[in-house]
Amino acid sequence: MKKIFTTTFLLLLAFSTMLFGQQKLAEFNNSLKDNNSNIKDIYTLVNHQNNFFSIFFADAKNVYSYNFDNTFSIKSKLLFENKKRKYKDIIGYNFLENGDYKLYLKNKENDFLEIYFSLNENASIAKEFKLLKDYETYLQSVSINNKFYLISGSKEVNGLYFYTFDKDKPRRNKVNLDKLDLVSSSGEKKELMPILMKSLPLLKFDENTPNSIETSSKKQKMYVQDESVIFTLNNNSDFTQIVKIDLKSFIASSFKLKTPQEDIKRRKKKSNSYLLNNKIFSLTFSKEKLNINIIDLTNRKIIKKFSVSKTDTIKFKNSSIETRTDTYKKHNELKKTKKFFNTMNYANPAINAFLNNNKYYLTIGGSLGPATRSSGGGSFGTTSLTLPNGYSVSYSNNIGSSFYYYINSDEFNFIKFSSILGENFSHLKNEKNTNAFEKINNYLGSKKSRSPFSNFSLDPFKGHEFNPYDGIFKYKDFYIYINYDRKEKSFKLLKFIN
């Protein structure tokens, strides 16, 4: 009997791994934490020189650091006590040459906290500082090649600033924006910062990470490519305007790409775009037609075009047309293209893509805003996304915020369908859309359905109730999901691949 049970268990475990794609890499307890306060933020950093990584858990008072090597074994752990309650958002990190690192936090008043973690001395030191001028607003932060950049701006003086932290004193690098050639929504000459700061927070997007229609509907986006930060501006429906900042010289450049407008009337259209792999995926929508262009940024030439009219069948889709509105309390499938166009009339259009195994996975549609019955969810007007149970993800943590929006689509109204393209951008008709985020969501859904308190069978489309201890980060070419087991009081690092 025991042998039969063991065999059955192993078969179920193998089936679960095949179905959801997860693999346990490590398991540990938060032995540093001895209080009952809730975790407010989770942050991860990866040293790209040796693939060592660290996981931070922050509550109201303390920061707990667990440092792993590239075999997923804990090398060391550090506790930083009494960080002050006002510092809730972890925004970035710097790696030092000796392997030590600095962690950066901020509060709502743009005060900053730097925590220096010394692995050799097994100690941590912190210092507070004010950084921004009165007219500056915190925009975003990035860590590139183990180096931290804090980005601020001012629309009053059309100023863009990159702060670097090479030495003890932060350095303020002002970007000259005078030579940029940009236009407003009406076509008049316009300065960068009033456009860029029109709808804060400024979200950054990671290449090859799945993103939701909600986040992709943002008109202004930020990307990081090599040693550059790129802003895409879709405030004018005739153009995608691209601004590139070289992080070695802090020199800014710009150019415009025409949006796909064939057979679309000038004043009755909406557009948006998405940047991936040095390609711009550009979408223009009107009441009668949807056009998509894929443009190579190297030579700025159109590689591929897709178009569909209201009376046509969408031949380049790989999924049904899915929608959720206040009318449809659950996800609903639309059978006719006409209904897609009718719903899209009320949406902010969006397109996004990620690349996996030489295939481009596109999502096309639009955002219809927050669901009126939403009990939680993020806010685009703050520096962090407020999740269920009071947990928050700093929007500087782009993987975490992308994951939250992706799996909690129940909190938002939307319309969308997927399209899968080959290496030469031809449509792959019989391909299925799958990615790491969906596998994680399915894994969490399976756990929820096994719970005696679950309502999953009654509401299978309900978003995952985000555990305040959960987190996600990208490691090499896959994702690691940090899953907290309340019963065992342990953290599991689970591997998911696209």
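1. Strand β25, which spans residues 348–356, is mostly covered, with seven of its nine residues buried. In this predicted model, β25 pairs with strand β26 (residues 359–370) in the antiparallel sense, and nine bridges connect the two. Within that pairing, Ala-350 stands opposite Gly-365 of β26. The hairpin formed by β25 and β26 has two residues between its strands, and Asn-357 takes a positive phi near 50° there.

2. For the protein as a whole, the secondary structure comes to six helices and 32 strands. Buried residues make up 55% of the 498 residues, while the exposed surface comes to about 23600 Å², of which carbon and sulfur atoms supply 48%. Among contacts with a separation of 6 or more, 54% are accounted for by residues 24 or more positions apart.

3. Strand β4 (residues 63–68) runs antiparallel to β5 and is joined to it by six bridges, with Val-63 having Phe-80 in β5 as its bridge partner.

4. The other open sheet is built from four strands in the order β1-β32-β31-β30, again with antiparallel pairing. Here β1 (23–28) and β30 (471–475) stand at the edges, and because each has a single partner strand, one side of each lacks a neighbour in the sheet. The twist in this sheet averages 25° from one strand to the next. Five bridges hold β1 and strand β32 (residues 490–496) in an antiparallel pair, in which Glu-27 stands opposite Lys-492 of β32. Helix α5 packs on this sheet, where it touches β30 and β31 (478–485), and the direction of the helix makes about 120° with that of β30.

5. Helix α5 itself (residues 398–407) is mostly covered, since 10 of its 10 residues are buried. The buried residues include Asn-398, Ser-401 and Ser-402 as well as Phe-403, Tyr-404, Tyr-405 and Tyr-406.

6. The largest nonpolar core holds 51 residues, and those touching the most other members are Leu-150, Phe-281, Phe-340 and Ile-364. A second, separate core has 26 residues, including Phe-162, Val-229, Leu-247 and Phe-250. With residues up to four places away in sequence left out, Leu-150 touches, among others, Ile-91, Phe-112, Leu-131, Leu-132, Tyr-161, Phe-162 and Phe-165. The list of residues touched by Leu-150 also takes in Gln-140 and Ser-141.

7. The side chain of Glu-114 makes a polar contact with the side chain of Tyr-104 at 2.8 Å. Apart from neighbours within four places in sequence, Glu-114 is in contact with Lys-102, Leu-103, Tyr-104, Ile-125, Ala-126, Lys-127, Phe-129 and Phe-165.

8. Two further residues call for a look at the backbone. Asn-122, found in the loop between β8 and β9 (123–130), has a positive phi of about 55° although it is not a glycine. Phe-425, in the loop between β29 (412–421) and α6 (436–450), likewise has a positive phi, near 70°, and is a residue other than glycine. Phe-425 counts as buried, at 4% relative accessibility.

9. Is Lys-339 buried, partly exposed or exposed? Lys-339 is found in helix α4 (residues 337–344), and with a relative accessible area of 47% this residue is partly exposed. The C-alpha atom of Lys-339 is separated by 8.6 Å from that of Lys-310, and the two residues are 29 residues apart along the chain.

Technical notes:
Residues are numbered from 1 along each chain as its sequence is written. This is a predicted model: local features need pLDDT of at least 70, side-chain atom pairs count only at pLDDT 80 or more; totals for chains, interfaces and linings use all residues. Side-chain values use heavy atoms; hydrogens and water are left out. A polar contact is a pair of N or O atoms within 3.5 Å; within protein, one must be able to donate a hydrogen and the other to accept it, and residues adjacent in sequence count only if both atoms are side-chain atoms. Contact means heavy atoms within 4.5 Å. Buried means under 20% relative accessible area, exposed over 50%, partly exposed in between (1.4 Å probe, protein chains only). A nonpolar core is a set of buried Ala, Val, Leu, Ile, Met, Phe, Trp, Tyr and Cys residues joined through side-chain atoms within 4.5 Å. Two strands pair if DSSP finds at least two bridges between them. Accessible areas come from the Shrake-Rupley method with a 1.4 Å probe; for residues, only the protein chains shown count as cover. Axes are lines fitted to C-alpha atoms, for helices over the stretch in contact, and angles run from 0 to 180 degrees between N-to-C directions.
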